[in-house]
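Dear colleague,

Here is the structure you will be working with, with its sequence. Please keep it open beside this email while you read the notes that follow.

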Amino acid sequence: MASGEISMTQSGTEGSHNGSAGPSASRGKKLCDGVYSLHEPGGQPEVEVVFIHGLQSGDPKDAYDNAYWTTWLGRDGSRDNCWPRTWLAAVFPKARVLTIKYDASRALKSTSSGAMDLHPFGETLVQEMVFSGVDIGQHGCPVIFVCHCLGGLIAKKIVVLGHERFKGDKRIEKLLKNIKAFVFYATPHGGSDLVKMNPDLARLNSTFEAIQRKVYNNKCKFRVVAEAHETSSRWFSSSMIVEEHSVRYAGFDRIIHVAADHFNVCKPETIRSTSFLQLTGCIEEVVAEYQSNQDKISGLPTLVVGVDAKLVSLRKKLKERPVVGLVGMGGVGKTTLSKALFNRERGNYDKCCYLEDVKSHSNVVDFQKQLLRELCDEEWNKSEEPKDYDLRIVRQCIQTKKVLVVIDDVGTEKNLKALQVEAFQHGSSGSRVIVTCRNKAILSDYHMSEGDNIEVDVLDLDQSMELFRHYAFHAFNDVHELGSEERDKFEDEAVNIVHACGGLPLSLEVIGQHLRKRNHLPGDERLDWWKEALKRLNKAKALDDGEEKLWSTLKISYDDLKPFVKGFFIDFACILCDAKNLESTTTGRLWDSHAGLQTLIDSSLIKVVEQNSGLFGLETRELVMHDQLRDMGRWIVRELAHKDVPKRIKHIWEKDVVKKFFEDEEESSTLEGLSMMNMERLELQKPHLFQVILSMICPRKYTHYYPKLRLLNLSCMNIHVVKVVLGDCLIYTQNLRWLSLNMTPIKKDHLKILNASVKTLCVLHMRYCWELVELPSSIGDLSSLKELDLYGCENLRSLPETIGLKLGNLQVLILTRCKSLMKLPESLANLVQLLELHLVYCRLKRLPSGLGNLKRLKVLNLRNCCNLTEVPAGVGQMLKLETLLLCGCDSLQTMCEFDTKMHHLHTLGLSECRRLTSLKSLGNLYRLRMLDLGGCILYMHNLAESVGQLHELQYLDLGRMEKEVAEMLREGHLHGDHLEHLVISIIPEAALPSCPRLKYLWLCDRWCGKAKEPSNAFSESLGNLVQLHELHMNKVASVPESVGNLTQLKELYVKRSGRNPLPDALRNLVGLQILHVNDSQCERLPECVGDLVSLRVLSLAECGELVELPSSLGRLSQLRTLNLRYCKNLERLPESLGLLTQLRELNLGGCQKLEGLPDSVLGLTQLTQLNIEQCYKLTLKEEVRHALTERGCRIRDRWNLI
């Protein structure tokens, strides 16, 4: 057979290989000569899957004309089942499925030598893929190549040529950037009988692997399906065409073998075939990662529909205008759109800030403080009012840095002004602000024209159906899953319901969730529910008012709640949603029904936002409610009360209604909730303040009796208002369950209500009551109290004994930051129901001796109790304990022993307990996941052995125990299977353990002396930590070459190193974003630093021997910060400095030998800070100074030493 006409015919399988699929018109849509579309999703694709065939059997002409189709025929007996178009599209309906056509037979120059010429195919295909109308890789979603045989080598060639030949082609660069995975079916990476291992193939493999390592950061996924059966051919006896060593050539480890020969390996028999599941599993992983990267801000719905086209419009508008308004009715998706944009674009800005639900907060100062904190890295004093100086800093930051701000639901023109929106219209740094608002007039009043706004429209029918089906049919749990046949029966009703919802995402979600809860019912009964829901929706649709129409729609889900759950919803909408940081556990205690709360969560009427306050911060689950659902709940309350609001209303939260209510002399038998939070800051700068408040709240003194009052929120109130409500009005109630007095200047005498008359009180919050010195002993009469929160009461000195003697139901006691508290009552040991005890930053010298009686305690938080000397022995007997935190207790000398196995303790923090010398029975804490001994000097002869028993450790800090650590590593006691975070205080001689999950490693040699070269064992083992994201090394003469293997590394910190600390292998770290080489003897940086294309921060502070920087510095196109402070011998900067067009901060302070800046410094168009103080030889040219300051750059020179 002549060269270029290679084809094979198999005995016994020819029909399977060459089955016709019918007329060519049905074989996909031709997009260009080399690309056919097999499936196009209705909207934005979530993934693009590109199939590339390989060598074929049968007649060459016919085989390669149809190979793009016949290669992928299933082995299910059907002659027209191209499974990528049928099965794959059914599993991934939002996938775009394409197939490549080319004549593979012409890729081989010779059958005898196996020489290849893939160049023309790769060159042509990479260009065809990005043609207009083909657009592979242009949608922002991941791209996956699925390849059979030679097709895998073609895919590699496409990637190689794309990077080598087409640099600068934006469309090809976008394609290459979005490639996330390769699935190879019997691809001969290491050669085969057909494709010999030759120099061409070797070069292709090595180049592709280098690109995968340097450009893709080894993040591409690879899956391999290998043939397990021999293939018969008329040219040779039965044999394996691609041997196992060849499919494993590149080190791929996700390989499966299927019972098929070379040509059938990519032809699954069913959707349960292993070869098909290998592909779908890979696609699922890629799509999941892609979607998770879009959800960096909490609160995005589980499914976002119809946002892509709107994002295009929003991005276009932001390119044209610095201020853009998103206008539309509540629930239409303005917040979702702004969050989606914020998530995807935040990486393109220096600083970002999202101000959520501004209108609902009466105090805009909190948002001003957030701007100052997140844009300028500065803080306001909590007790201070805003100063114009602070606002000036915010404005300067907006105008000189590139920042992105979103103001969600701005509410008023006054808020627009207070949040410095005008500053965006006068800056030149590329800052942008998005403002969402229901009322277009507010934006118009602030001089924003029609062209500045985008009307956010409702979803179209297809989008609405997709969202509704997701919530109505999706398997949120197994009980409520509906099969496709059963879903079809409800299709007509679904269309009608979607029409009635009017395209509002919030309505579709709530109604869909409401109906999903009936999926367990028989079909006819379930259909009746759907018809009833439609009837009620149509009734709501008849309303004229837009918001009432929406509320009536949402109310359908509310109406079907059980009565007690309805009450919970109203409680939250009217009263509790105003409270900050309200946790789900608190609400569960308040309502005495976790099931009721879960019902509201399952119905999408309340959402849970999970927060984690730092490494050893405890996770919290805060509750939030959409503003439209909140407004609907308040509308329901008003409707129930009709016109006679003061007498019949159950919940009060508005100032005018509060005033009218207290003017009524009659008692109220209906009042259940009262919130006065929105009356905060009622400070008038006039002497008749008290009279004004009295006339506003209660002009006379009454004793009011409110038998049903359960919720009372007086947070952030003026003390006179608190006195009026708690004292002068003498509110009496038999059912009060929650009282919030956060941030009020109350004193002991004001707390008259805390006695047996409110024995039903479950939750008492008094955070930041800075004038509270002691509590009345009557607090012990609150026999039902479950949660007492005194966080931040800095002047509280003592607790009454009655807390321990009488509060037998208390579950949570929070005394964090009660900095004047020096002792606890011994009676505290009687709180046998206590689950959490928080004493952070208290000045306790000792704990109650009977603390061990708290057998149900799960969390004991004693961080930074700096006077504490002893942990009672009984703590070691708390068998339910899960978290014990003593970090920062630097007076602690005696620790409890753990004589029995602690089955639940997973977190133990003892960092900076400098006087603690012994920790016994550590091995009994076998379930520990986090152990922090940083800063401790423990003398334990069996420490290495004890740590060796902790097989589940994820976080380990071994502080200052150099000898113990050395022994541990030498003897192999440290188990790294689960370790993600490791801190040790030596550069060990022995090898590090295998830690396949390790992401953070701190190696700090504390001892004085010169930096030393690392051992070979250590150097080699360091290179095996391939998942490492952050590496700190101290006192190492040079970083080992093996660091080049750490392609996942994002941050590298090297301190007090030798003269040549950085190896040439550093160039492999193309994903590195932060590099610090501080306080080192480094004289020069290697040229390979310029290969760190992702670097954003480069710090060489206090490198006193540094003389110059490499010219390759100019290749760091993403660099934002360059810190050369106190490089005393630095004489010049390279001319390439001016190529750093993204540089924001240049710190040259203390560079005493530096005489000037290169002329190219004017190319630093984004520079906002230049520090040249103590550069005594440097004279900044006047024209340079003028040009930089005109751009908003702040210059600190030797005359401005701050």
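Glycine 512 lies in helix H20, which covers residues 505-516; helices (H or I, at least four residues) and strands (E, at least two) are DSSP runs numbered from the N terminus. Please bear in mind that this is a predicted model, in which local features need pLDDT of at least 70 and side-chain atom pairs count only at pLDDT 80 or more, while totals for chains, interfaces and linings use all residues. Residues are numbered from 1 along each chain as its sequence is written, and side-chain values use heavy atoms, with hydrogens and water left out.

Is glycine 512 buried or exposed? Glycine 512 counts as buried because its relative accessibility is 0%, where buried means under 20% relative accessible area, exposed over 50%, and partly exposed in between (1.4 Å probe, protein chains only). Leaving aside residues up to four places away in sequence, glycine 512 touches Phe468, Tyr471 and Ala472, a contact being heavy atoms within 4.5 Å.

Helix H20 also meets helix H19 (residues 491-501), and their axes come within 9 Å and cross at roughly 140 degrees; axes are lines fitted to C-alpha atoms, for helices over the stretch in contact, and angles run from 0 to 180 degrees between N-to-C directions. On the H19 side the contact is made by Ile497, Val498 and Cys501, and on the H20 side by Ser507, Leu508, Ile511 and Leu515.

Turning to the strands, 5 of them form an open sheet with parallel pairing, in the order E10-E11-E12-E9-E13, and two strands are said to pair if DSSP finds at least two bridges between them. The edge strands, each pairing on one side only, are E10 (351-355) and E13 (453-455), and the twist averages 15 degrees from one strand to the next. Within this sheet, E9 (residues 323-327) and E12 (residues 432-437) pair in the parallel sense over 5 bridges, with valine 323 standing opposite valine 433 in E12. Helix H12 (residues 334-345) lies across E9, E10, E11 (403-407) and E12, and runs at about 165 degrees to E10.

Finally, how many disulfides does a search of the whole structure find? The search finds 0, a disulfide being a pair of cysteine sulfur atoms within 2.5 Å. The sulfur of cysteine 376 has its closest cysteine sulfur in cysteine 397, at 3.9 Å, which is too far for a bond. Cysteine 376 counts as buried because its relative accessibility is 11%, and cysteine 82 counts as buried at 1%.
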